[in-house]
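Have the viewer open as you read.

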There are 2 protein chains.
Amino acid sequence: MSLSREELECIDLYFHPESVAVVGASANPFKFGYQVVRNLINLKYPGKIYPINPKASEIQGFKAFPSVLDVPNSINVVVMAVPSHVIPNIMRDCERKGVKNVVILASGFDEAGPEGQAYQREVLEVAKRGGIRIVGPNTTGMLNPSFGFTSTFVPLDTVKAGDISFISQTGMFAGMMMEWIVSGQEFGFRKVAGLGNKCDVADHEILYYLAQDEGTKVILIHAEGIKDGFKFFEALKSVTKTKPVVVLKAGRSKAGARAASSHSASLAGDDQIFDAALKQSGAVRAESLEDLVDLGKVFCYLPLPLGDGTSCISLSGGAGVMAADALERNGLSLEELSDETLSVIKDKSPVWAIPSNPLDIEPLTEIVGFVDAYTLGLNTLLSDNKVDSCIVQHGTIFRSEDEIRFVLEARERYPHKPIAVCIIGFKDIYDELFVLYERNKIPVYPTVERAAKALGALNRRRQYLAEL
Amino acid sequence: MSLSREELECIDLYFHPESVAVVGASANPFKFGYQVVRNLINLKYPGKIYPINPKASEIQGFKAFPSVLDVPNSINVVVMAVPSHVIPNIMRDCERKGVKNVVILASGFDEAGPEGQAYQREVLEVAKRGGIRIVGPNTTGMLNPSFGFTSTFVPLDTVKAGDISFISQTGMFAGMMMEWIVSGQEFGFRKVAGLGNKCDVADHEILYYLAQDEGTKVILIHAEGIKDGFKFFEALKSVTKTKPVVVLKAGRSKAGARAASSHSASLAGDDQIFDAALKQSGAVRAESLEDLVDLGKVFCYLPLPLGDGTSCISLSGGAGVMAADALERNGLSLEELSDETLSVIKDKSPVWAIPSNPLDIEPLTEIVGFVDAYTLGLNTLLSDNKVDSCIVQHGTIFRSEDEIRFVLEARERYPHKPIAVCIIGFKDIYDELFVLYERNKIPVYPTVERAAKALGALNRRRQYLAEL
């Protein structure tokens, strides 16, 4: 059961508000309320900004108001950048003002003992009475780069708009991880929802919303706890039929679950049950932040393969052995190639070379050079119908866009065969090649294990969809 | 049973030759024989260099000789940078010249069908007759940065000398991996032995040699196959009693083993048996290149902890939850801290803060700022006797040497408590902080899972040594 049209529209308002009030907006750069306004300016938010601060008449160029009740127009979203103890009062103001969407950034609620729990109860009572939806508390809230809206207090200059949407529980993920991604990755974000303690708006609602959001190609989730497991897995099962979902679930261990409860008041639950339900739902489980991004990227960039068959081309037999291990461990199969395929390589290689799968292209490079050897090798591998996907592994021998063009050309010739790249070599050249490849939606990994895991995830999704 | 004094001296000659002849030395930068001479010049090799090339009188500034027989002085090591089919003849020259140590770089031997196998038989016959030891074939051979010697054809400008020694099977690891390490890591190499097909000199000999090599603090091994498993595990069992050994064993899967046989003529063997024997021997198994370096570094930089107890300090509850999961998964234990410990933090934090283990330091930062909060937090954690090790997790909020000094100072105060750092944030700042920390032998990891795995490996080594 998905959401009603009204429910979807309410979630959509969180990503496309025409007006936003920032309670606790400030001219002091060390305050969260400063940064929220700053971020809206940085992202070129096209709507109305109403700073709320009883002690200021103007903040960062915008007329400030003592309370939301003093704002002359209607307000789509209220972002509360003030401590927990004042929030019940602000909620009552929002009720009187007729606000329907709020984001509460502060911590100090259910996770913070009896006092915090009392605040949360009060806030929820007002919300129920006033028909107000709440994102948070204890989070960074929403981000929609293509519209220029955010509620986050984590300093952001620009955030690339893209195809990957992200539901996260904690500020860390909308903060540190966002910084890591904007500075080190080429993909962009479609929509980010930081849900925090999830006292109201929950994962499954955002999932249904993103399922019908055309620009969202892949959904990543970080969660410590899920408030309503039944609704969550029901949503997941429905959404994974059309879009890949990758889940990083923290609070797996005893110590982790204890920490989750004191952090986001989450009941982490039994991890074995969660894991089993996740598998059934067709979602993919990530083991770390890195893994979440590795898998998110591969679903975003590459097509699903047509079968289990795989291959690797490398300049080193040793690298090929490691690739074979990793690919097989991830459920892919390195079949012996046809004599026709092998003879294309063998005919041009030194007499002593014995090409096989994985393909060590080094002998051929001694005759025709690096670029021609890789070009012939990759095209020949992909021409074999036992090869449904391929890892291209090379060192920092290639250093320019020209030299790696063979990968893009091979992809054009074989658009249904996903290609992942693994580069090991000089750090600065790796960094440059990474950008050149990823800008063209070819995923690059620093180890063959990570490349193989990504291709394996594509193949398992193919199998999952085939069995539906 | 270790090696005899003569055997050790013979291995030592491979790392400290007073003279080296490079057969196939060349003025053509595209030839392996060019690069070997070039590398010796780059590394400032202090011994005599004799280029062997019948078509040249001088190569890269050194007088060239038609054959090793024409060299007027004795030769400690002969590096053969020529194709396999001419090597039996060169070996006969070496026999007549009285050479005792050779390195064969070329492939095209046992891994390359009947013809190659015939070459290898012939080479071994001559070696036996002449009492010649062989490293290789099909490899890059030796590297000793502190002495300035190498036999490798992989272009090297400089290689930092350091504490980590490395036994590898294939050129890839002395090539691509070396480039990755010299350009992206701060640690240096003590000695590197690339053994290739291991037709003669084998892993266990280098292991015994490195065990008694004072400058070697940690030994890393990459192997596709082990020629004499009994001797290998016997050596391993003996060496791990004094030095940590980390093993990356490739050729684990069916496809990987097949590839290993065609690559380095290795019998990869049953991986389950290998794995069990490795555990018994006290060595640590790495799962990838990244893992090999992660673990090598941690053994090189940090002391073993005194117990299982661990902790994490972070600016985000979410990061703490992930840390707790990862630490527990790696056999470490997050105990509840004493009231005395917790009250030190609580007394300075906002009233709503409830410090615990893992420690979310964010509340305290709101009162005393980032640096003071982390300083107090880390020192307080380490003062608790239930904390034997700690992960310091932070974003790119810290940007200078000054700001991260608290980690170094805490290490000085608690020298028996290993500290690993995990940073997630802006890429360029990560790169800078990485250098600042690692230069001071504090290991930095981009995910908390990798940091936790490293601390877990230290603790397992402590347990292993305690049970001896």
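A salt bridge here is a side-chain nitrogen of Lys or Arg within 4 Å of a carboxyl oxygen of Asp or Glu. Before using that, some housekeeping: this is a predicted model, where local features need pLDDT of at least 70 and side-chain atom pairs count only at pLDDT 80 or more, while totals for chains, interfaces and linings use all residues. Residues are numbered from 1 along each chain as its sequence is written, chains are lettered from A and ligands numbered from 1 in the order in which they are written, and side-chain values use heavy atoms, with hydrogens and water left out.

Over all chains, the structure holds 51 salt bridges. One of them pairs A:Glu122 with A:Arg92, with the closest N and O atoms 3.0 Å apart. A:Glu122 sits in helix α4 (residues 113–130) of chain A and A:Arg92 in helix α3 (residues 87–97) of chain A, so this pair ties together parts that are 30 residues apart in sequence. Helices (H or I, at least four residues) and strands (E, at least two) are DSSP runs, numbered from the N terminus.

Now for the interface. In chain B, 67 residues are in contact with 67 residues of chain A, contact meaning heavy atoms within 4.5 Å. Between the two chains about 4700 Å² is buried, 63% of it from carbon and sulfur atoms; buried area is the accessible area (1.4 Å probe) that two parts lose on being put together, summed over both. B:Met176, B:Val321 and B:Ile424 supply 12% of the area that chain B buries against chain A, more than any other three residues.

Charges turn up here too: the rule finds four salt bridges across the interface of chain B and chain A. B:Arg450 forms a salt bridge with A:Glu290, the closest N and O atoms being 3.4 Å apart. On the side of chain B that touches chain A, helix α12 (residues 317–329) of chain B gives the most, with nine residues.

What about the backbone? Most residues other than glycine have a negative phi, and most peptide bonds are trans. A cis peptide bond joins A:Asn357 and A:Pro358, with omega about 5 degrees, and A:Pro358 is in the loop between α13 (339–348) and β16 (359–360) of chain A. A:Asn138 is not a glycine, yet has a positive phi of about 70 degrees; its place is the loop between β7 (133–135) and β8 (141–144) of chain A.
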